[in-house]
Amino acid sequence: MIKREISRRDFLKLCLVATATMGLPVSFVEKVAAAVKSKNRPPVIWLHFQECTGCSEALLRATNPDLATLILDLISLDYHETLMAAAGNQAEEALKKAMEENKGRYICVVEGSIPTRDNGIYCKIAGKKAIDILQEVAHQAAAIIAIGNCASFGGVQSAPPNPTGAKGVMDLIKDKPIVNIPGCPPNPYNFLATVLHVLTFKKIPALDKYKRPKFAYGRTIHEHCERRPHFDAGRFAEQFGDEGHRQGWCLYKLGCKGPVTFANCCTNRFNDIDVWPIGTGAPCAGCTEKGVAFFMALREKVDVHEVTPPSTYAPISTKKGKVTTGGIAAVSAAAGAAVGAAAVAAAKLPDKGEGDGKEGR
Ligand code: SF4
C-alpha cells in the first residue's frame, strides 16, 4: 500500500471529524491533533479469522488515502495478515517477534469470528486453531478491539444453524478490556476515534452493555434518520420501486431495523460522499446489533418503541384545524405521553404480523 503525505488542512479536517465522532466539542481538535502527532504509537497486532476482510477494506480503501494514511501513521501495525509482505514461516516469525517486543503493551485487533464447534477445527492458520491463536495473542495484550459484527458478536457465520459454532471475542476472552466496533463493515471513523480516544485520554471510551463506544453507538439510527419525518407523518414505502420508495419515504414497512439499531451511520455517513444504506433506499439491516442482522429476515419488522417525534422536531404541518403528529407529540408530552403515543402508533403502524417477511421475496 502506498502512503502519502496529508496536507495540514486535510489533517485537521480528519481530526475534526474524529473529534466530532467522539462527541467532543471543537475545542478538543488541537488536543486530538497533538495526540496524533505524538510519537507514542500503540503497537497493534491484527488477527483475521472467519471473515471477508471487509472491515480492513473499509478502513484502508484507496478512495480515502488520507484516512488510511492517518490510521497507519497513528498505530504501529506490526502484524496484519492482509497487508504485510511476509508469508509462511516469515509471517509466523513476525507475529512471534511482535508479541515478544511489545508484551503487555500491544492492542490486539480481531477481525472475524472464532469457530468453537468440534474443538475449533474449522479455522486454522499455519496449522494452529483460531481459538488457540486468539487466546495466545490476547493473553499478552493490553486490550482488544473486536472490529466488525463477526468479531463482536459472531456475524453472519453465527446465523442459525451456526455450523462452525462461531462466536465473538467477548464470549471467549473474559480477562482483558474489550472494545467492540460492530458493523458490516463498521465506519472507519469509529475505529479511528476509538484509537484516538485511547491516545488522547489514556483510557478506553465509555462503553454500552455490548462493549460498544457510547460516542458512536449511543443512539438509534431512527433518532436521526433523514426519513424520520415521513415515519412520523405515516408515509411509508410499501414495495421497492413504488411511488413512496422513489419519493424517499420511510422504509419501515420494507423491514428497516433502524428503530432498534444503535449506530451513528445516519450522522457520520460513509465514504466521505454522504452515502449510507438508508440514503440509497436500502432499509437498515441492523449490522451493529447482536441478533438482528443475519438473525431476522430482511423484510421482518422490528418493534417500535419510539413512535412519536421528539418534541424538538418542527411540526410536519401547522395548518389550522388539522391534527398533526407534531401537535400530537406536544399534547402527548404535556399529558404524560404514554396513552397518546400508543394511539398514534396504533393508528399508523401495521399489525406486526402484516407482511412480515412475506412480500416481495
Ligand atoms: Fe429511517 Fe428506518 Fe426509522 Fe424509517 S424506520 S425513519 S427509514 S430508521
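Mentor: Begin with burial. A residue is buried if 20 or more other C-beta atoms lie within 10 Å of its own, and exposed if 12 or fewer do. Keep in mind that this is a predicted model.

Trainee: Is Ala126 buried or exposed?

Mentor: Ala126 has 10 other C-beta atoms within 10 Å, so it is exposed. Its place is in the loop between strand 5 (124-125) and strand 6 (128-129).

Trainee: What is the phi of Ala126?

Mentor: General idea: most residues other than glycine have a negative phi. Ala126 has a positive phi, near 55°. Lys211 also has a positive value, near 65°. Lys211 lies in the loop between helix 8 and helix 9 (214-217).

Trainee: Is Lys211 buried or exposed?

Mentor: Buried, because 21 other C-beta atoms lie within 10 Å of Lys211.

Trainee: Which peptide bonds are cis?

Mentor: As a rule, most peptide bonds are trans. Here the bond from Pro160 to Pro161 is cis, with omega near 10°. Pro161 sits in the loop between helix 7 (148-153) and strand 8 (166-167). The bond from Cys184 to Pro185 is cis too, with omega near 0°. Pro185 is in the loop between strand 9 (178-181) and helix 8 (188-201).

Trainee: How do I read the buried side of a helix?

Mentor: An α-helix has 3.6 residues a turn, so residues three or four places apart point the same way. Take helix 6, residues 130-139: its buried residues are Ala130, Ile131, Ile133, Leu134, Val137 and Ala138. Seen down the helix axis, they fall within an arc of 160°, so they line one face of helix 6.

Trainee: What does Leu134 touch?

Mentor: Leaving aside residues up to four places away in sequence, Leu134 touches Leu47, Val110, Ile114, Val169 and Leu172.

Trainee: Which residues of the largest nonpolar core touch the most other members?

Mentor: In soluble globular proteins, nonpolar side chains tend to be buried together. The largest nonpolar core here has 84 residues, and Ile45, Cys108, Val110, Leu134 and Ile144 touch the most other members. Domain 1 (8-215) and domain 2 (221-348) each give this core at least three residues.

Trainee: How many residues surround the ligand?

Mentor: 14, the closest being Cys225, Cys250, Tyr252, Cys256 and Gly258. Sort the shell by type: 10 nonpolar, 2 polar and 2 charged. Then sort by element: helix 10 (221-224) and helix 11 (228-233) each supply at least two of its residues.

Notes:
Residues are numbered from 1 along each chain as its sequence is written. This is a predicted model: local features need pLDDT of at least 70, side-chain atom pairs count only at pLDDT 80 or more; totals for chains, interfaces and linings use all residues. A residue is near a molecule or strand if its C-beta atom, placed from the backbone, lies within 6 Å of it. Helices (H or I, at least four residues) and strands (E, at least two) are DSSP runs, numbered from the N terminus. Ala, Val, Leu, Ile, Met, Phe, Trp, Tyr, Cys and Pro count as nonpolar, Asp, Glu, Lys and Arg as charged, and the others, Gly among them, as polar. A nonpolar core is a set of buried Ala, Val, Leu, Ile, Met, Phe, Trp, Tyr and Cys residues joined through C-beta atoms within 7 Å. Domain bounds come from an automatic or database domain assignment. Two residues are in contact if their C-beta atoms, placed from the backbone, lie within 7 Å. The arc is that of the directions from the helix axis to the C-beta atoms.
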